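Open the model in a viewer and follow the stops below in order. Each stop says what to select and what is there.

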Amino acid sequence: MAGRAAPRAAPDSMENLPSFKEVPNSERPNLFVRKLRLCSIICDFSEGAGNDRDKEIKRQTLLELVDYVNSAKQPFVEAIMPEVVNMVSANIFRPLPTRSRETPFDPEEDEPILESAWPHLHIVYEFFLRFVVSGSTEAKVARKYMDTALITRFLELFDSEDPRERDYLKTILHRIYGKFMPHRAYIRKAISNVFYRFIYETERHNGVAELLEILGSIINGFALPLKDEHKQFLSRALIPLHKPAGACIQQYHQQLSYCITQYLEKDPKLADVILRGLIKYWPHTNSGKEVLFLNELEELLELTQSTEFAKVAEPLFRLISRCINSPHFQVAERALFLWNNEYIVSLIAKSRDVILPVLFPALEANTSKHWNSTVHGLTFNVQKLFMDMDPRLWEDCSQRHKVTQERSSAALVVRKAKWEQLERAAQKVA
């Protein structure tokens with residue numbers, strides 16, 4: 001039922017309705033409806049459009065509507081619900097400005113396209129927010145009009161470039177989620193569909209960070225034990241948000257990391273799924289993104305129990321050993337900083353039999369081949385820590401590494417001899 005009203009055609013001149021204070025209490029509900037209908041008329045804010053008088057009448061009327069909702073003491077009757085939804089829909093549901101696919105919006109470089117009708121639009125959003133949270137708006141009555149169709153169209157607006165609009169959308173959707181319990185599952189599903197399209201089709205969406213902020217609060221309120229539906233949301237919608245390109249993920253990584261740590265705090269047994277998901281989407285050619293992932297990894301490991309850590313230690317430290325050897329010093333440095341965390345060192349100590357054999361070649365390679373002096377110093381610190389932790393294991397790994405190096409050197413000599421033999425044979429034929 002929601003969101004189907006078209007904007008009213010603008011008359012030659014807007015009617016200047018009396019204020020609520022000028023009419024008896026008995027007439028105020030009717031005046032409220034008349035003001036809602038007046039505010040369904042859309043003003044043209046394009047340059048040189050004029051109509052300043054009408055714009056000011058509508059602005060003042062919208063402010064009166066906000067005050068009326070704020071001061072309401074009796075429940076709103078059902079008859080005004082469609083009028084409210086129609087007015088809000090007429091104003092907020094409109095085509096968003098678009099850019100060509102060749103020049104997508106880059107929040108770091110480009111100025112966002114700001115909504116020209118914001119002098120009216122922000123008051124409409126404020127009115128809608130006040131109406132949703134008002135004690136006079138009864139959820140059982142209003143939910144028939146604030147239905148899934150309206151929620152779907154409302155979510156589409158999160159792609160607006162205007163950060164002021166996205167901030168209102170975030171607050172209002174969160175309040176709708178809190179007030180209309182029957183819509184909660186649908187809202188979560190609709191948000192996941194936005195994410196699927198972003199991850200697997202477009203990799204372009206302006207409102208991912210705001211949607212994740214809402215989800216951070218929603219996840220915080222999940223009851224224990226977590227439902228299978230909530231775990232699937234983690235594995236199918238949140239973890240794959242690590243997939244998009246580095247410039248894209250930087251816009252929402254902080255909020256994504258918060259959502260995932262919320263899950264881990266709720267259920268420590270999810271560590272295996274989360275860490276393997278991080279490994280799956282680990283970047284291999286983007287150093288800035290790798291540093292982001294290493295920061296997130298440290299936060300996750302701080303919440304990981306030793307039994308869950310042991311399950312993923314081997315593949316995780318194969319990845320970390322590659323980061324340690326990264327020619328980009330910030331990646332190598334950030335990976336080595338993990339050993340500055342006492343809790344992570346305690347996890348490593350419990351799984352050192354698995355971790356050190358994987359890590360040893362990378363540490364040895366850094367001491368002789370890495371170009372950065374800071375990385376050298378951090379590598380020596382990690383080596384000393386392992387030596388003190390388990391001298392016998394360190395010696396075993398050292399011996400095995402020595403044998404492996406000798407075999408590699410011998411194989412290299414054989415290979416070189418074969419190539420020389422082939423070159424001589426080729427010269428004789430020539």
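Select helix α7 (residues 163-179) and helix α9 (residues 208-220): their axes come within 9 Å and cross at roughly 30°. That makes α7 roughly parallel to α9, a label for angles under 35 degrees. Axes here are lines fitted to C-alpha atoms, for helices over the stretch in contact, with angles from 0 to 180 degrees between N-to-C directions. Helices are DSSP runs (H or I, at least four residues), numbered from the N terminus.

This is a predicted model, in which local features need pLDDT of at least 70 and side-chain atom pairs pLDDT 80 or more, while totals for chains, interfaces and linings use all residues. Residues are numbered from 1 along each chain as its sequence is written, and side-chain values use heavy atoms, without hydrogens or water.

Now show side chains. R166, K170, L173, H174 and Y177 of α7 meet E210, L211, E213, I214, S217 and I218 of α9, where contact means heavy atoms within 4.5 Å.

Next, select F195, L238 and W339, the residues with the most contacts inside the largest nonpolar core, which has 133 residues. Such a core joins buried Ala, Val, Leu, Ile, Met, Phe, Trp, Tyr and Cys residues through side-chain atoms within 4.5 Å; buried means under 20% relative accessible area (1.4 Å probe, protein chains only). Helix α4 (residues 118-133) gives the largest share of this core, 10 residues.

Finally, select helix α18 (residues 352-369) and helix α20 (residues 391-429), whose axes come within 10 Å and cross at roughly 50°. Among the residues that meet here are F360 in α18 and W394 in α20.

Methods
Helix = DSSP H or I, 4+ residues; strand = E, 2+ residues; numbered from the N terminus. Parallel < 35°, antiparallel > 145°, perpendicular 65-115°, else oblique. Buried < 20%, exposed > 50% of the residue type's maximum accessible area, 1.4 Å probe, protein only.
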